[in-house]
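Here is a short report on one protein chain. Start with the sequence and the structure.

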Amino acid sequence: MEATVDDLSAAYDEFVAAASAVVEARAQSGGEKTAATDAALEAFKQRWELFRVACDHAEELVESIRQRIGSECLVDEATGSASSGSGPAPLAAAPGIKPISAVRLEQMSKAVRWLVIELQHGAGGASAPGAAGSGGASTPNAGAGLGPGGQHPDEGGQ
């Protein structure tokens, strides 16, 4: 993460320096278009693109970390465990709902991802009714062994 921050900072510094060079070139030319102003503008455009790439990279890193933290919190909440000893005590499961295993949660998560992918690729048009009930034939582990209300029999269906 530090490398990403350093890259972003360096790209920003170069971008600001290129902007300053454009202003100086314009001032020296009296506002006229010259080879120096064109070169400064071209360098500015290049630095702008490099800065945007660095920003995109940093945004991707932040999003990746956010998703990982969200997934870990979801697993902790679903399994009733806490990821850190200094945090608040884990919440008790709602009355009548038992915590699920992390393995089962991962299986269900994969099944949902497969359904989303199928729907995004247009396969949902013909299999949409089946997707709600059975999870679709091509979806691994989707809907397999689900009891009443879409719950796994081990998880205390109604």
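## The model

This is a predicted model: local features need pLDDT of at least 70, side-chain atom pairs count only at pLDDT 80 or more, and totals for chains, interfaces and linings use all residues. Residues are numbered from 1 along each chain as its sequence is written, and side-chain values use heavy atoms, with hydrogens and water left out.

## The whole chain

The chain has four helices and zero strands. Its pattern along the sequence is α-α-α-α. Helices (H or I, at least four residues) and strands (E, at least two) are DSSP runs, numbered from the N terminus.

Of the 158 residues, 18% are buried. Buried means under 20% relative accessible area, exposed over 50%, and partly exposed in between (1.4 Å probe, protein chains only). The accessible surface of the chain is about 11,200 Å², by the Shrake-Rupley method with a 1.4 Å probe; for residues, only the protein chains shown count as cover. Carbon and sulfur atoms hold 59% of that surface.

Take the contacts (heavy atoms within 4.5 Å) between residues at least 6 apart in sequence: 49% join residues at least 24 apart.

## Helix α3

Helix α3 has 19 residues (residues 102–120) and should span 27 Å at 1.5 Å a residue. The expected span is 1.5 Å times one less than the number of residues. The end C-alpha atoms are 27 Å apart, which agrees.

Arg 104, Leu 105, Ala 111, Leu 115 and Glu 118 are buried in α3. They cover an arc of only 150° around the axis, so they lie on the same side of α3. The arc is that of the directions from the helix axis to the C-beta atoms. The face turned away from the buried side carries exposed Val 103 and Gln 120.

Just after α3, Gly 122 takes a positive phi of about 85°.
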